[in-house]
Number of protein chains: 2
Amino acid sequence: MLSLVEENYLKAIYHLSDAGKSAVSTNALADNMNNKAASVTDMIKRLSSKGVISYEKYRGVNISEKGRRAALKVIRKHRLWETFLVEKLNFNWDEVHEVAEQLEHIDSPLLIEKLDSFLGHPKVDPHGHPIPDKDGRIHEVKQVQLSEAKEGTTGILHSVNDGSPKFLQYLSKIGIRIGARIEIVERMEFDGSMEIIIDDKERVFISRQASENLLIRESHEKR
Amino acid sequence: MLSLVEENYLKAIYHLSDAGKSAVSTNALADNMNNKAASVTDMIKRLSSKGVISYEKYRGVNISEKGRRAALKVIRKHRLWETFLVEKLNFNWDEVHEVAEQLEHIDSPLLIEKLDSFLGHPKVDPHGHPIPDKDGRIHEVKQVQLSEAKEGTTGILHSVNDGSPKFLQYLSKIGIRIGARIEIVERMEFDGSMEIIIDDKERVFISRQASENLLIRESHEKR
DNA sequence: ACAATTTTTTAGGCGAACCTAAATTTATAT
DNA sequence: ATATAAATTTAGGTTCGCCTAAAAAATTGT
Ligand SMILES: [Mn+2]
Ligand SMILES: [Mn+2]
Ligand SMILES: [Mn+2]
Ligand SMILES: [Mn+2]
């Protein structure tokens, strides 16, 4: 059994390791968890003794298969709750993350099962992130950063990389939401910003940083 | 700000004091919380220093106005969540308490407000217990223990005193649910058990203990 | 009234999850 | 290759929420 704090560390390790593909350094974790490195060293010893990560002094940590499964359970709960909040309780997509951080730790398999059917077994959360199924399987969709797409391309916004309230509110304000059609009119070479057309209507400029956090599926249909 | 553990103690104090009407002893609390008396003494010092209870050594604790408001907020959340689980997720009334014990500690006023409207501002939870409004007001309904009602009386089941899964499952099994019409046919003087008719159909015997945990509103309509 | 019993508090300890300061190891730069 | 810098671990400390054992206060029985 993992504590709430252990679940949060494990989730951070999962994400920082790019779904278990790389090792995570003590400092990276400390940074992400807003804790000091010494505290992280404490915790990774405990996680290691529980078998959810492997750890060699001074070499960072790697998530184990057992740890990956545990992390995915928490992520599944987080994303199901976010979906519930938006779909059923009319939250805005920028308001759900904080609450889901709490709800993700509720321990009741029956609850999650029933919540999942109540929501109609959703595949993605309000930010376009895939919801792992109950066996931890994720359906990853091929998508590219808007910043990497060519001029003239049109794509459908599939997910956002940065889920911070400020960024999400900005997107809402300029009319960008999941599913929106985005056409790249022109890219400014000197700063990477670009002019885009949203849903064949709004013509706006967005920064390189913004375009890096928008993930699209390219679609060349001309409509 | 109260911790999860502090909230649980405060809720126990509220209930054990009969909504703040009497003092609560250290041992009663220890018993209720499944902790040792020494741990309780620890905790009541902390709660006292936070101003949610008043405490005089060897005299037990009394909940303060501030504490009462805090306890009622937790109780409101508990009962709203139980209602959600039964009404929206199709939980049985005997399955919800444990999960609500976790959900009641989620801290988000917006969530509770939205949950409340999603549920249509319910007045009672699945066990017939009143849901405090957002200002902590409770609408208490006059009700009597079935064990105290006279032979020949008919009443509507309003709430249950004992919310344990075992008791609730027993009630479901013999066809007793909130709103059921209960007619007292005969009371056995030697052990306090009684013969009742449920919804003008089922005729069953129930123990004194069971009848003490059923709260009815008397209604003499003959139907 | 006072001895026995029960209740409550105090004293001292422990694990979880944090911290700061100091020591150690690894990486980098000349 | 060696000095410097950066990353990491160790040592020692704190608070919260629990424990056991012992001491003290309150209650009860005769
Ligand atoms: Mn989120
Ligand atoms: Mn979390
Ligand atoms: Mn309950
Ligand atoms: Mn609780």
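Visitor: Let's start where the chains touch. How many residues does the contact take from chain A and from chain B?

Guide: Contact here means heavy atoms within 4.5 Å. By that rule, 20 residues come from chain A and 20 residues from chain B. Keep in mind that this is a predicted model: local features need pLDDT of at least 70, side-chain atom pairs count only at pLDDT 80 or more, and totals for chains, interfaces and linings use all residues, while side-chain values use heavy atoms, with hydrogens and water left out. As for names, residues are numbered from 1 along each chain as its sequence is written, and chains are lettered from A and ligands numbered from 1 in the order in which they are written.

Visitor: And how much area do chain A and chain B bury between them?

Guide: Buried area is the accessible area (1.4 Å probe) that two parts lose on being put together, summed over both. For chain A and chain B that comes to about 1,600 Å², with 76% of it on carbon and sulfur atoms. On the chain A side, A:Leu89, A:Gln102 and A:Lys114 lose the most area to chain B, together 29% of what that side buries.

Visitor: Which elements give two or more residues to the side of chain A that touches chain B?

Guide: Elements are DSSP runs numbered from the N terminus: helices are H or I with at least four residues, strands are E with at least two. In chain A, the ones to look at are α4 (65–87), α5 (96–103) and α6 (109–118). The largest share, five residues, comes from α6(A).

Visitor: What is the make-up of that side by class?

Guide: The convention is that Ala, Val, Leu, Ile, Met, Phe, Trp, Tyr, Cys and Pro count as nonpolar, Asp, Glu, Lys and Arg as charged, and the others, Gly among them, as polar. Sorted that way, the side of chain A that touches chain B has twelve nonpolar, four polar and four charged residues.

Visitor: How many salt bridges does the rule find across the interface of chain A and chain B?

Guide: Side chains of opposite charge can pair when their charged atoms come close. The rule asks for a side-chain nitrogen of Lys or Arg within 4 Å of a carboxyl oxygen of Asp or Glu. Across this interface it finds zero. It does find four residue pairs in polar contact there, both residues at pLDDT 80 or more. A polar contact is a pair of N or O atoms within 3.5 Å; within protein, one must be able to donate a hydrogen and the other to accept it, and residues adjacent in sequence count only if both atoms are side-chain atoms.

Visitor: How are the two copies related?

Guide: Two copies of a chain are related by a rotation about an axis and a shift along it. Superposition is by least squares on the C-alpha atoms of residues with pLDDT of at least 70 in both copies. Chain A goes onto chain B with an RMSD of 0.1 Å by a turn of 180 degrees and a shift of 0.0 Å along the axis. The copies are thus related as by a two-fold rotation axis. If you want to find that axis, A:Leu103 comes closest to it of the residues of chain A, at 3.8 Å (C-alpha).

Visitor: Is A:Arg76 buried or exposed?

Guide: Buried means under 20% relative accessible area, exposed over 50%, partly exposed in between (1.4 Å probe, protein chains only). A:Arg76 has 9%, so A:Arg76 is buried, and A:Asp116 counts as buried at 10%. Now look at A:Arg137 and A:Asp133, a salt bridge at 3.3 Å, N to O: A:Arg137 is exposed at 54%, and A:Asp133 is partly exposed at 29%.

Visitor: Last one: where does A:His105 lie?

Guide: A:His105 is in the loop between α5 and α6 of chain A, and counts as buried at 12% relative accessibility. The A:His105 side chain makes polar contacts with the side chains of A:Asn8 (2.9 Å) and A:Glu104 (3.0 Å). A:Glu104 is also linked with A:Lys11 and A:Glu101 in a network of salt bridges. Leaving aside neighbours within four places in sequence, A:His105 is in contact with A:Leu4, A:Glu7, A:Asn8, A:Lys77 and B:Gln102.
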